[in-house]
Amino acid sequence: LYFGTTSEGGRYGGGTVYAINPFHSNSLTVLNNFNGTNGFYPNALAYYPGTDPLKRGDVYGSTLLGGNYNHGTLFKLKGGIDFEIIHHFNKSDGSRPTSLAVGPFNRIYGTTGLGGFTGNGEIFFIDPTRGDQVTVLFDSKDIQHFYYPVGLATTHLDGNQLRGITLYGGASNNGTLFRINNLGDLVTEYTFGESEHGTNPF
């Protein structure tokens with residue numbers, strides 16, 4: 001199965017999450033319609049294979065808005081089918097989740113563009129083997145280095161590191177590239193400052 005989201009539309013206008021079966025004429029099945037209460041504007045998915053090779057893994061996702069506090073939600077498709085909300089962001093623990101990625105120690109890592117200690121956004125993780133509780137890994141306290149993170153990625157070469165980008169922040173407030181380890185130690189690797197190199201990575 002292939003999984004995806006639509007940012008709008010569906011039964012309630014808040015977007016959908018769907019699956020496509022390439023072995024069944026590419027048929028599309030809507031797995032959930034977002035209505036605001038369970039999220040609005042779904043924008044990220046991450047597949048977690050789990051520990052049992054005989055069972056289909058879970059799909060984790062986020063919505064930019066909606067939920068109990070209208071700061072976005074995290075959801076899970078258990079076995080790639082059954083939908084459940086696992087977290088409602090409340091601004092103090094993040095707002096407007098923007099990305100998800102499977103990273104070190106088989107955790108699901110994610111970013112929120114806003115919220116947290118100063119409102120500049122944060123990086124969090126979920127350990128599916130210990131429940132689906134959200135743990136804040138990095139909470140920005142300095143706009144010069146970190147503001148509105150929008151992406152995370154992992155590579156086999158980085159070990160316990162993740163790479164990411166921020167839409168804003170840096171010396172010219174034009175965005176940054178950073179790396180962070182599983183302990184929450186963040187290093188800014190590049191600051192976008194000149195238009196010929198590009199600004200505001202996304």
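Predicted model: local features only at pLDDT ≥ 70, side-chain atom pairs only at ≥ 80, totals over all residues.
**Overall shape and surface**

- The protein chain has 202 residues and a radius of gyration of 17 Å, which agrees with the value near 17 Å for a compact globule with that number of residues.
- Along the principal axes, the C-alpha atoms of the protein chain fill a box of roughly 50 × 35 × 35 Å.
- Buried residues account for 48% of the 202 residues in the protein chain.
- Among contacts in the protein chain with a separation of 6 or more, 37% are between residues 24 or more positions apart.

**An open sheet of four strands**

- In the order β4-β5-β6-β7, 4 strands form an open sheet with antiparallel pairing.
- The edges are held by β4 (40-48) and β7 (82-88); each has a single partner strand, so one side of each is left without a neighbour in the sheet.
- From one strand to the next, the twist averages 25°.
- Inside this sheet, strand β5 (residues 58-65) and strand β6 (residues 73-78) run antiparallel and are joined by 5 bridges.

**Aromatic rings**

- The structure holds 11 aromatic pairs, and two of them are described here.
- One is Tyr48 with Tyr60: the ring centres are 6.4 Å apart and the planes stand at 90°, so this pair is edge-to-face.
- Because Tyr48 lies in strand β4 and Tyr60 in strand β5, the pair ties together parts that are 12 residues apart in sequence.
- Tyr48 has a relative accessible area of 7% and is buried; Tyr60, at 2% relative accessibility, also counts as buried, since the cut-off for buried is under 20%.
- Another pair is Tyr190 with Phe192, whose ring centres are 5.0 Å apart with planes at 85°, so this pair too is edge-to-face.
- Tyr190 is partly exposed, with a relative accessible area of 32%, whereas Phe192 counts as buried at 11% relative accessibility.
- Three phenylalanines, Phe34, Phe75 and Phe83, form one aromatic cluster.

- As background, most residues other than glycine have a negative phi.
- Asn70 has a positive phi, near 60°, and is a residue other than glycine.
- You will find Asn70 in the loop between β5 and β6, where this residue counts as partly exposed at 47% relative accessibility.
- Asn200 is not a glycine either, yet has a positive phi of about 50°.
- The place to look for Asn200 is the segment after β15 (186-191); at 27% relative accessibility, Asn200 counts as partly exposed.

Notes: Residues numbered from 1 in each chain as written. Heavy atoms only, no water. Pairing = 2+ DSSP bridges. Helix = DSSP H or I, 4+ residues; strand = E, 2+ residues; numbered from the N terminus. Axes fitted to C-alpha atoms, helices over the stretch in contact; angles between N-to-C directions. Rg over C-alpha atoms; globule rule 2.2 N^0.38 Å. Buried < 20%, exposed > 50% of the residue type's maximum accessible area, 1.4 Å probe, protein only. Contact = heavy atoms within 4.5 Å. Phe/Tyr/Trp six-rings, centres within 6.5 Å; stacked < 30°, edge-to-face > 60°.
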